[in-house]
Amino acid sequence: MKQGVLQRYREYLPVNDSTPILSLGEGDTPLVRSRAIEGITGCGELYFKLEGCNPTGSFKDRGMVVAVAKAMEAECKSIVCASTGNTSASAAAYGAYCGMSTTVLVPKGNVARGKLTQAIAYGARVALIDGSFDSALKLVRVLSERLPLVVVNSVNPNRIQGQKTAAFEIVDDLGGAPDEVYVPVGNAGNITAYWLGFTEAHAMGWASSRPKMMGIQAEGAAPIVKGEPVDNPETIASAIRVGSPASWKGALRARDESGGNIGMVSDDDIIEAYHLMAKREGVFCEPASAASVAGLIKRARQGESFEGKRMVCIITGTGLKDPDIAEQTNTPFIEEFPAELESVERALAFV
Ligand code: AN7
């Protein structure tokens with residue numbers, strides 16, 4: 001049986017004898033070798049960490065399992081989060097599994113359809129906030145001071161602890177740290193978690209080096225790149241539509257301590273990478289996840305050489321989360337036929 005994050009990494013997590021060890025099968029996600037973009041970008045080796053293979057289809061499950069287990073340990077019955085979608089899906093699933101009541105605050109009109117569907121299906125209470133993710137997170141922080149709720153956003157340190165385990169897995173799979181790791185950045189919890197994971201793996205002697213952390217924001221939602229909050233963040237990648245990241249300092253630390261960079265890519269770059277991933281790599285990811293790949297491609301186009309380098313792009317969520325963007329940005333290759341051999345055969349003959 002698959003162990004799950006709490007069991008597999010219990011020694012390295014805030015787990016004690018009263019922490020319930022539970023799992024929906026999160027973690028242990030595939031590291032897949034690129035067959036197209038590796039050559040396009042001239043990388044020595046390029047891998048994709050497929051976090052969409054987690055139980056609710058995104059990396060959030062790694063941190064959520066720890067946050068919810070700790071909430072149970074504290075005998076708390078209710079969890080709450082603000083979310084651009086994936087955190088809400090994950091909180092709803094783990095909340096359901098653990099018999100908690102789950103409330104999610106999401107920006108109205110800016111959550112991908114699959115994510116909202118998940119929150120509804122798992123039975124969470126969904127509050128549509130007429131405002132941005134940032135305003136929803138502000139509300140959650142105040143609410144948690146007034147009501148007996150555990151916040152399961154990445155401002156909860158247990159989330160970061162759980163998410164760091166993805167870095168452990170990469171080191172385990174590669175037998176050491178890669179040269180560079182590309183991570184899409186929204187609220188900046190994940191890049192903070194990866195850096196913590198790589199730093200701990202290095203300190204424990206599992207890896208002799210640490211990678212450069214390359215954070216990628218969307219141009220219309222790039223507060224860290226611009227050095228100031230963005231009031232009205234805008235991008236097709238709704239997951240990273242964040243104007244004032246809670247873990248801003250963690251992202252800067254990851255960048256500076258690793259000698260990395262926080263860059264930005266346009267929505268066109270994101271969609272180009274999104275299509276390349278699906279059509280050339282067989283990986284259907286969500287737009288925010290494609291931002292990491294777009295960031296790598298952009299640097300290659302700017303003349304950066306990745307010769308002999310071992311690179312990893314974090315593919316944070318599955319493409320099924322956002323069917324609307326898939327439909328809007330693709331010209332479907334779909335034809336209708338009568339159920340007759342001749343017409344179908346004629347149509348296929350040129351293939
Ligand atoms: C697919 O679900 O913030 O920089 O509320 O869903 O740690 O925020 C999601 C973020 C990247 C960015 N890729 O991670 C939420 C939420 C996907 C995401 C990010 C998110 P952070």
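Me: How many cavities of 30 Å³ or more does a search of the whole structure find?

Reply: The search finds one. A word on the source: this is a predicted model, in which local features need pLDDT of at least 70 and side-chain atom pairs count only at pLDDT 80 or more, while totals for chains, interfaces and linings use all residues. Residues are numbered from 1 along each chain as its sequence is written, and side-chain values use heavy atoms, with hydrogens and water left out.

Me: What makes a space a cavity?

Reply: On a 1 Å grid over the protein atoms alone, a cavity is a set of points where a 1.4 Å probe fits but cannot get out. Grid points are joined across faces, edges and corners, and the volume is the space filled by probe spheres set on the points. Counted like that, the largest cavity holds about 330 Å³.

Me: Which residues line the largest cavity?

Reply: There are 26 of them, and F59, K60, G186, N187 and A239 lie nearest its centre. A residue counts as lining if it has an atom within 4 Å of a point. Helix α9 gives the most to this lining, with three residues. Helices here are DSSP runs of H or I with at least four residues, strands are runs of E with at least two, and both are numbered from the N terminus.

Me: Why is K115 called buried?

Reply: Buried means under 20% relative accessible area, exposed over 50%, and partly exposed in between, with a 1.4 Å probe and protein chains only. K115 has 0% relative accessibility, so K115 counts as buried. This residue is found in helix α5 (residues 113-121).

Me: Why is E75 called exposed, and why is D28 called partly exposed?

Reply: E75 has 66% relative accessibility, so E75 counts as exposed. D28 has 48%, so D28 counts as partly exposed. E75 is in the loop between α3 and β3, and D28 is in the loop between α1 and β1. Neither is a glycine, yet phi is positive in each: about 60 degrees for E75 and about 55 degrees for D28.

Me: What makes a group of residues a nonpolar core?

Reply: It is a set of buried Ala, Val, Leu, Ile, Met, Phe, Trp, Tyr and Cys residues joined through side-chain atoms within 4.5 Å. The largest one has 55 residues, and I191 and M213 are among those with the most contacts inside it. Helix α3 (residues 60-73) gives the most to this core, with seven residues. A second, separate core of 35 residues includes L50 and I315.

Me: How do you know that β7 and β8 pair?

Reply: Two strands pair if DSSP finds at least two bridges between them. Strand β7 (residues 180-184) and β8 have five bridges, in the parallel sense, so by that definition they pair.

Me: Why is the crossover from β7 to β8 called right-handed?

Reply: A crossover is right-handed if, with the strands pointing away from the viewer, the path from the first strand over the helix to the second runs clockwise. Here the chain goes from β7 through helix α9 (residues 189-203) to β8, and this β-α-β crossover is right-handed.

Conventions. 1 Å grid on protein atoms, 1.4 Å probe; cavity = no way out; pocket = protein on both sides within 12 Å on 5 of 7 lines; lining within 4 Å.
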